[in-house]
Amino acid sequence: MTPPIGNDDAHAAFASAMAGGTLHHAWLFAGPEGVGKASFARIAALRLLAEGANPGLLPPGYDVPDGDRTRSLIAAGSHPDYRELTRQPKDADKPGQDLARSIPIAQVRALGPMFATTPSMSSRRIVLIDAIDEVERPGASNALLKSLEEPPAGTIFLLISHAPGRLLPTIRSRCRLLRFDPLDDTAMERVLRAQLPDANAAEIAALVTAGQGSPGRALGFAGLDMAALDKALTGIARDGDPSNAQRAKLAKLLSPKAAQPRYEAFLDRAPAFIAAAAPAKRGAALQTALNSYDAARALSASARSLSLDAQATVFEMAGLVATLAEPARP
């Protein structure tokens, strides 16, 4: 199995640690959301468990052959030495929808019976937490900390973090940090073309821009015609939309209930669009762009948390984009 595209240095560093034979018991895979941390962690977990069950028999790298028992058990969710903690759906009949806000202490404590025994299929077991940022504080974090301070024999923790600075210092200090960075445009395009073979060049280009180095983020925008949204934002930013016609048109387009996914994408994209334009500004224009960016981020957050009227929100957000326009020189 090939590691995700990008972040080759991180992949190589972990491979070197595996080959060294003395793997640290806790790893913090840290970096922006959607850059492949969790995907790589699952590949690494499979390899570690398969290697532990078949020492010296696997090919180099991260490959685990099809039909390998470890691969089959993990795919079936029944490997006795593997646990994965993620936020669970509030309604068990609707998996993947309306997830709980955090990973509660009950999920962490559920690891206890596994820790009370030795690994079943090899000398290793893996606990993957995606994401450690979402572990409930203080109860669940403190319960996990006890296991990190006194790790059960053979246990390796792979902790995914999108914001490591927000973690308890005591958790960070017990982990070896493996940093993941945003992907460059070339790597982004490779990922997107692999995942979206039917997408045309314009859509791929728009997704690369919208993703900002995060394939996961970009794929969340797939099928939402981001190229058209960017074209509308570019037009408003270029001339300031003095008649409000462009803003009104965009607000009307994104306000129906059926347009909710594109509206959500717009709430993400508009602040990022302003941020991308700011470095080209100078003096008062730069300060205006920075102020508009702060206001756009706040509006985006409020629109979600307070369920603000979509049409009014789009109109207001587009107005912030319009502040990027600079007066024509005489």
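Which strands does helix H2 lie across, and at about what angle does H2 run to E3? Helix H2 (residues 37-53) lies across strand E1 (26-30), E2, E3, strand E4 (155-161) and E5, and runs at about 170 degrees to E3.

## Before we start

What you're looking at is a predicted model, where local features need pLDDT of at least 70 and side-chain atom pairs count only at pLDDT 80 or more, while totals for chains, interfaces and linings use all residues. Residues are numbered from 1 along each chain as its sequence is written, and side-chain values use heavy atoms, with hydrogens and water left out.

## The sheet

Let's start with the strands. Five of them make an open sheet in the order E2-E3-E4-E1-E5, with parallel pairing. Strand E2 (82-85) and strand E5 (176-179) are the edge strands, each pairing on one side only. From one strand to the next, the twist averages 15 degrees. (Helices are DSSP runs of H or I with at least four residues, strands are runs of E with at least two, and both are numbered from the N terminus; two strands pair if DSSP finds at least two bridges between them.)

Now zoom in on one pair. E2 and strand E3 (residues 125-130) pair in the parallel sense over four bridges. Tyr82, for instance, has Ile126 in E3 as its bridge partner.

Contact here means heavy atoms within 4.5 Å. Axes are lines fitted to C-alpha atoms (for helices, over the stretch in contact), and angles run from 0 to 180 degrees between N-to-C directions.

## The largest pocket

The largest pocket has a volume of about 620 Å³. A pocket is an open set of points on a 1 Å grid over the protein atoms alone, where a 1.4 Å probe fits, with protein on both sides within 12 Å along at least five of seven lines; lining residues have an atom within 4 Å of a point. Grid points are joined across faces, edges and corners, and the volume is the space filled by probe spheres set on them.

Its lining has 25 residues, with Gly34, Gly36, Ala38, Ser39 and Asp130 nearest the centre. H2 turns up again here: the largest share of this lining, four residues, comes from H2.

## The second largest pocket

This one has a volume of about 480 Å³. It is lined by 15 residues, and Gln212, Arg217, Asp268, Tyr293 and Arg297 lie nearest its centre. Helix H13 (260-277) and helix H14 (283-305) each supply at least two lining residues, and H14 gives the largest share, five residues.
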